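Subject: Structure for you to look at, with notes

Dear colleague,

I am passing on the structure we spoke of, and my notes follow below it. Please open it beside the text as you read.

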Amino acid sequence: MKKKIVYIEWEDAASPAEDTCWWSEEGIRKWAREFDSFVFNVGFILEETKKYILLASEFNACLNNYAHPIRIPKIWIRKRVDLTKHIK
């Protein structure tokens with residue numbers, strides 16, 4: 001059975017590394033304007049709904065099991081490329 005596989009670029013939620021200290025409101029706003037938290041995933045599609053896509057980055061054909069699942073809200077997705085045609 002051929003598996004569907006995709007490349008996805010998505011923007012993750014984030015907080016500053018120094019989140020344990022006190023910030024001014026302007027400091028927080030400046031951080032939010034300047035910070036990007038982009039993630040790049042390649043994975044097998046396990047499920048897709050209107051709200052999210054469920055991927056697994058690894059598949060073991062002998063055991064018919066998956067590893068490293070991730071559920072990504074669709075609203076966070078910035079780019080999607082179908083890679084299924086590249087799998088034999």
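To begin with the aromatic residues, the structure holds five aromatic pairs, where rings of Phe, Tyr and Trp (its six-membered ring) pair if their centres lie within 6.5 Å, with planes under 30 degrees apart counted as stacked, over 60 as edge-to-face and the rest as tilted. Please keep in mind that this is a predicted model, in which local features need pLDDT of at least 70 and side-chain atom pairs count only at pLDDT 80 or more, while totals for chains, interfaces and linings use all residues. Residues are numbered from 1 along each chain as its sequence is written, and side-chain values use heavy atoms, with hydrogens and water left out.

The rings of Trp-10 and Trp-76 have their centres 6.1 Å apart and their planes at 15 degrees, so this pair is stacked. The pair links distant parts of the chain, since Trp-10 lies in strand β1 and Trp-76 in the loop between β4 (65–73) and β5 (77–82), 66 residues apart; helices (H or I, at least four residues) and strands (E, at least two) are DSSP runs, numbered from the N terminus. Trp-10 is buried, at a relative accessible area of 5%, whereas Trp-76 is partly exposed at 29%; buried means under 20% relative accessible area, exposed over 50%, and partly exposed in between (1.4 Å probe, protein chains only).

Phe-59 and Tyr-66 form a tilted aromatic pair, with 4.8 Å from centre to centre and 45 degrees between the planes. Phe-59 is partly exposed, with a relative accessible area of 27%, and Tyr-66 also counts as partly exposed, at 34%. Ring pairs link Phe-44, Phe-59 and Tyr-66 into a cluster. Elsewhere, the charged end of Arg-71 sits over the ring of Tyr-52, 4.1 Å from its centre, where a charge sits over a ring if NZ of Lys or CZ of Arg is within 6 Å of the ring centre and within 35 degrees of the ring normal.

Turning to the strands, two of them pair if DSSP finds at least two bridges between them. Strands β1 and β2 run antiparallel and are joined by seven bridges, with Tyr-7 standing opposite Val-42 in β2. Strand β2 (residues 38–48) is in turn joined to β3 by four bridges, again in an antiparallel arrangement, and these two strands form a hairpin with three residues between them. Here Ile-45 stands opposite Leu-55 in β3, and the bridge partner of Glu-48 in β3 is Ile-53. Eight bridges join β3 to β4, which run antiparallel; this hairpin has four residues between its strands, and Asn-64 in the turn has a positive phi of about 55 degrees. Asn-60 stands opposite Asn-65 in β4.

What makes up the largest nonpolar core? It consists of eight residues, namely Val-6, Ile-8, Trp-10, Ile-45, Ile-53, Leu-55, Ile-72 and Ile-77, a nonpolar core being a set of buried Ala, Val, Leu, Ile, Met, Phe, Trp, Tyr and Cys residues joined through side-chain atoms within 4.5 Å. Strands β1 (5–11) and β3 (52–60) each supply at least two residues of this core, and the largest share, three residues, comes from β1. In soluble globular proteins, nonpolar side chains tend to be buried together.

Asn-41, which lies in strand β2, is buried, with a relative accessible area of 16%. The side chain of Asn-41 makes a polar contact with the side chain of Trp-10 at 2.7 Å; a polar contact is a pair of N or O atoms within 3.5 Å, of which, within protein, one must be able to donate a hydrogen and the other to accept it, and residues adjacent in sequence count only if both atoms are side-chain atoms.

Lastly, Ile-5 is found in strand β1 and is buried, at a relative accessible area of 12%.

With best wishes
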